[in-house]
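I have opened my notebook to look up how a protein chain packs together.

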Amino acid sequence: MRAINLNGYGGPEVMEWSEAPDPAPGRGEVVIEVAAAGVNRADLLQRRGLYAPPPGTTAVPGLECSGVVAEVGEGVSDWSPGDRVCALLSGGGYAEKVVVPAGQVLPVPDGLDLVAAAGLPEVAATVWSNLVMTAGLRSGHLLLIHGGGSGIGTHAIQVAVQLGARVAVTAGSAAKLERCAELGADVLINYRDHDFVDLIRAEEGLGGPGADIILDNMGAAYLGRNIDSLALDGQLLVIGMQGGVNGELNLGALMAKRGTVRALKLRDRPATGRGSKADIIAEVRTRLWPLLAKGAVVPVIHAEVPVTEAARAHEMLDEHETFGKVILRIGDR
């Protein structure tokens, strides 16, 4: 088969569409013939040598894919060859075939295009595990999402609205904020023009002025201001470090809010067991997939790019006009 292999670390030019070993399913695994793969910021970090795959994982990038089951390993009873699926991966999505634990596979929601489904598993698992399973997002909460126009942001807006929460977002342009509003966000903050702290503290959450939950992709750069933006008993969920890894935490300010700071990572979770990817996928399938099947939550796709133009796809994630997911089209389906 062919896959995107990394010819060293660095810019997009180190990615090479070339031959790679065919995967074979072990016990409890399936092989997927890949139709498309979602592009995530973690892929860019891996390409630069800043985010190593977990031990034993292929060096081929790609944390999610869609396609058709090609083979099933021993002990797999839920999936059969020919099933239309999408999957959460530890790596390997940028390839014609990928092997994945059966517990990380999802059916393509009814009525959804197979290629578009490639943009769902990573954002769905990230958003649901953090906002719902960890933070307990519910009706009446005020949720602040940094990077509302990202793949995570566009999905989180829709999920939060369906759960009855109020949604505030930050983004860097009026055009992105307008599109966030179309998805259901009702507090729109252009971070280039305004400090989000004052605007969020003027809004009421269940715990009073401020955000009950903040979903943050910036890390260190926003740490202090995020704490200032929390309502009483608020929760800060850090899922990215685009603004750096080392920040100063004012414990007095955090204690005054009775607040919680959590740093969360999906890729290194175990395949099975407590808090595993299989647990998350099972809940996503039960509770979130029905919302997708009825069109209440939809994948937001900025562009579909041939896998041979993977460099261009990576560049798109750093462009200000990108809104939603970038998808690599790999197979012929």
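**Entry 1: the cores.** I started with the largest nonpolar core, which has 46 residues. A nonpolar core here is a set of buried Ala, Val, Leu, Ile, Met, Phe, Trp, Tyr and Cys residues joined through side-chain atoms within 4.5 Å. Buried means under 20% relative accessible area, exposed means over 50%, and partly exposed is in between (1.4 Å probe, protein chains only). Leu131, Leu143, Val169, Val284, Leu288 and Trp289 touch the most other members. I noted that β5 (84-88), α2, β8 (142-146), α3, β9 (166-171), α4 (174-183), β13 (211-216) and α8 (277-293) each give two or more residues to this core. The largest share, seven residues, comes from α8. Another core lies apart from it, with 35 residues, among them Val30, Leu44, Cys65 and Met316.

**Entry 2: ground rules.** I am reading a predicted model, where local features need pLDDT of at least 70 and side-chain atom pairs count only at pLDDT 80 or more, while totals for chains, interfaces and linings use all residues. Residues are numbered from 1 along each chain as its sequence is written, and side-chain values use heavy atoms, with hydrogens and water left out. Helices (H or I, at least four residues) and strands (E, at least two) are DSSP runs, numbered from the N terminus.

**Entry 3: α2 against α8.** At what angle do α2 and α8 pack? I found about 85°, with the axes 10 Å apart. Axes are lines fitted to C-alpha atoms, for helices over the stretch in contact, and angles run from 0 to 180 degrees between N-to-C directions. The two helices are therefore roughly perpendicular to each other; angles under 35 degrees count as roughly parallel, over 145 as roughly antiparallel, 65 to 115 as roughly perpendicular and the rest as oblique. The contact (heavy atoms within 4.5 Å) includes Ala124, Trp128 and Val132 of α2 and Ile280, Val284 and Leu288 of α8. Its residues divide into 10 nonpolar, one polar and three charged. Ala, Val, Leu, Ile, Met, Phe, Trp, Tyr, Cys and Pro count as nonpolar, Asp, Glu, Lys and Arg as charged, and the others, Gly among them, as polar. I also followed Leu288, which touches Ala124, Trp128, His155, Val159 and Glu283, not counting residues up to four places away in sequence.

**Entry 4: α2 against α3.** The axes of α2 (residues 121-134) and α3 (residues 151-162) come within 9 Å and cross at roughly 55°. That makes α2 oblique to α3. Among the residues that meet are Val127 and Leu131 in α2 and Ile152 and Ala156 in α3. This contact holds eight nonpolar, three polar and no charged residues.

**Entry 5: single residues.** Leaving aside neighbours within four places in sequence, Thr126 is in contact with Ile152, Ile239 and Leu266.

Next I checked Arg2, in strand β1 (residues 2-6). Arg2 counts as partly exposed, at 37% relative accessibility. The C-alpha atoms of Arg2 and Glu96 are separated by 5.8 Å, although the two are 94 residues apart along the chain.

Last, I looked at Asp233 in strand β14 (residues 230-238). Asp233 is not a glycine, yet has a positive phi of about 65°.
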